Amino acid sequence: MYLFKEIARLQEALEQEKTAGRRIGFVPTMGALHEGHLSLIRAAKAATDVVVCSIFVNPTQFNDPKDFEKYPVTIKEDILKLTGGGTNILFLPSVAEMYPEGVNGRQPHYDFGYLETVLEGAHRPNHFQGVGIIVHKLLQAVQPDDLFMGQKDFQQCMIIKRLLEITQIPSKLHICPTLREKDGLAMSSRNMRLDPAARQIATRISQALGYVKENIRSLPFNIIKENASKQLQDAGYQVDYIEIADASDLQLLKEPVDRNMVVLAAAKLGEVRLIDNMIIASPGHAGS
Ligand code: AMP
């Protein structure tokens, strides 16, 4: 695996691959890698010839400075995992490399419309602008044929789909399924910050989503959401939201529709904020 810290060096190497007709796959991450990330690397390996992974903890997408400061950094372990997973290139830029204009410098503003006003958008002001800024910069640097992202960040995937439309970047977005621990907890770098007691309770978030999924056609939505929210609160969570939405556009729903739906939740256990979602396939559609 090659490691580049500068965009110019990365692009020199990629130019050779592209000239040789090789397909470039890209997996952007913030590091503290786990099996979920590695499943994206595997998907990229299966579909492309050269797999580029980036590790960059992007300051402009953290609305909570404490969350940024405490974001886990495990770069040595990450390098071993990426090498083991067959990654070809690791891009590991500094903040100055990605933000030569400074993190408070002038940035584009993306019109994500409705998508930015609900759920994560409503609870994390400017988060998706920060995501847009960094993914746009990374896509300009790598110019991949294929981009791999996780359904774990469902709303983020929709934002990136929109970003690709806005910027007319021709990379193909692949959305990969959420990998979970044995007890159902969605894998996340932030799970490392859970103490043993919190780790035990953490599984309740996927259980609450499972409860919604099971009862989606038998109980009114307000009752299901109230019950699921109470389950989380009783377990010690501070709930940001638990919502049922149309999986195609994230419009919040009050009753079942005959299309794929998605149930999404965000809740805090102490200082650690967890998010998760599950697709509820309409009969005849695939989902997870
Ligand atoms: P992050 O490092 O958290 O920014 O995540 C980098 C990429 O990995 C994003 O596209 C995430 O959606 C994806 N990802 C994170 N957790 C999981 C998971 N449990 N399963 C699949 N993909 C994931």
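User: Which residues are closest to the ligand, and how many residues surround it?

Analyst: A shell is read by counting the residues around the molecule and then asking where they come from. In this predicted model, 16 residues surround the ligand, and the closest are Met-30, His-37, Asp-153, Leu-179 and Met-187. By class, the shell holds eight nonpolar, six polar and two charged residues.

User: Which protein atoms lie 2.9 Å from an oxygen atom of the ligand?

Analyst: A polar side-chain atom of His-37 lies 2.9 Å from an oxygen atom of the ligand, and a backbone N or O atom of Gly-150 lies 2.9 Å from an oxygen atom of the ligand. On the nitrogen side, a polar backbone atom of Met-187 is 2.9 Å from a nitrogen atom of the ligand. Taken alone, the ligand exposes 490 Å², of which the protein buries 92%.

User: Which elements give two or more residues to the shell around the ligand?

Analyst: They are β2 (24-29), α2 (35-47) and β5 (146-150), with α2 giving the largest share, three residues.

User: Why does His-37 count as buried?

Analyst: The test is a cut-off on relative accessible area, and buried means under 20%. His-37 has a relative accessible area of 13%, and therefore it is buried; that value takes only the protein chains as cover.

User: Is Gln-61 buried or exposed, and what does it touch?

Analyst: Gln-61, which the unreviewed UniProt entry lists for "binding site", is found in the loop between β3 (50-55) and α3 (65-69). Gln-61 counts as buried because its relative accessibility is 9%. Not counting residues up to four places away in sequence, Gln-61 touches Met-30, Arg-124, His-127, Gly-130, Val-131 and Ile-134.

User: Which side chain is joined to that of Gln-61 by a polar contact?

Analyst: The side chain of Asn-58 is the partner, at 3.0 Å. Asn-58 lies in the loop between β3 and α3, and it counts as buried, at 1% relative accessibility. The side chain of Asn-58 also makes a polar contact with the side chain of Tyr-99, at 2.6 Å.

User: How far apart are Asn-58 and Phe-68 in sequence and in space?

Analyst: Separation along the chain and separation in space are read as two quantities. Asn-58 and Phe-68 are ten residues apart in sequence and 8.5 Å apart in space, C-alpha to C-alpha. Phe-68 is among the residues that Asn-58 touches, and others on that list include Met-30, Gly-130 and Val-131.

User: Where is Ser-171, and what does its side chain reach?

Analyst: Ser-171 is in the loop between α8 (154-167) and β6 (172-176), and its side chain reaches the backbone oxygen of Pro-144 at 2.7 Å. Ser-171 is buried, with a relative accessible area of 8%. Leaving aside its neighbours within four places in sequence, Ser-171 is in contact with Leu-139, Pro-144, Asp-145 and Leu-164.

Terms used
Residues numbered from 1 in each chain as written. Predicted model: local features only at pLDDT ≥ 70, side-chain atom pairs only at ≥ 80, totals over all residues. Heavy atoms only, no water. Near = heavy atom within 4 Å. Polar contact = N/O pair within 3.5 Å; in protein donor to acceptor, adjacent residues only side chain to side chain. Areas by Shrake-Rupley, 256 points an atom, 1.4 Å probe, with all protein chains shown as cover. Helix = DSSP H or I, 4+ residues; strand = E, 2+ residues; numbered from the N terminus. Nonpolar A, V, L, I, M, F, W, Y, C, P; charged D, E, K, R; others polar. Buried < 20%, exposed > 50% of the residue type's maximum accessible area, 1.4 Å probe, protein only. Contact = heavy atoms within 4.5 Å. UniProt positions renumbered as here; feature names shortened; annotations may be inferred.
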